[in-house]
Amino acid sequence: MALLPILRYPDPRLHKKAATVSVVDDSIRQLVRDMAETMYAAPGIGLAATQVDVHKRVIVIDVTEDKSSLLVLIDPEIVDRDGEQVCEEGCLSVPGIFDKVARSEHVRVRALGTDGESFELDANGLLAVCVQHEMDHLEGIVFVEHLSRLKQTRIRAKLEKQARITA
Ligand code: NI
């Protein structure tokens, strides 16, 4: 297992669109293990492969308090959604920034698991937010891009300044 470096906004690689996996082989299972280890170590509640510069449709999520329930979504698709919720979000690629984003309250997701089998999952509340946030990453969208232009400019300037200080 290995900890993977996490790309930081505004890294242009965060805007790449991830490719479909289709065949879940040992290399994908290794990627999932490394991503899970990276997410737990951060610590975070979700990580998309895009954030570790692997542009494949793979997501890991664990929203439980005791980190006991790893959810792996490969080639996820939202097949149904309803309702609306506004939740304060953060992102491992945008450290120290938290802001409110409107998302669907419920999503039904179809995905492949690490066994390559298709399954469907109903997600509500925080889990639904997390699924939508991570699926945005696979499309090259970072959560701050749901905020106003002014906020995005401020966040970009703040993170570029931090990167210069820590470089
Ligand atoms: Ni994120």
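Predicted model: local features only at pLDDT ≥ 70, side-chain atom pairs only at ≥ 80, totals over all residues.
Local features were considered only at pLDDT of at least 70 and side-chain atom pairs only at pLDDT 80 or more, whereas totals for chains, interfaces and linings use all residues. Residues are numbered from 1 along each chain as its sequence is written, and side-chain values rest on heavy atoms, with hydrogens and water left out.

The chain contains three helices and seven strands, where helices (H or I, at least four residues) and strands (E, at least two) are DSSP runs numbered from the N terminus. These elements follow the order α-β-β-β-β-β-β-β-α-α from the N terminus on. The radius of gyration, taken over C-alpha atoms, is 15 Å, which agrees with the value near 15 Å for a compact globule of 167 residues, the globule rule being 2.2 Å times the number of residues to the power 0.38. Buried residues (under 20% relative accessible area, 1.4 Å probe, protein chains only) account for 45% of the 167 residues. Of the contacts (heavy atoms within 4.5 Å) between residues at least 6 apart in sequence, 65% join residues at least 24 apart.

The nickel ion has as its protein donors C91 (SG), H133 (NE2) and H137 (NE2), at 2.1 to 2.2 Å, donors being N, O and S atoms within 2.8 Å of the metal (3.2 Å for Na, K and Ca); water is not among the atoms, so sites may look incomplete. The spacing of the donor residues in sequence is C-x41-H-x3-H. Because H133 and H137 are four residues apart in helix α2 (residues 125-138), about one helical turn separates them, and both H133 and H137 are buried.

Notes. Buried < 20%, exposed > 50% of the residue type's maximum accessible area, 1.4 Å probe, protein only.
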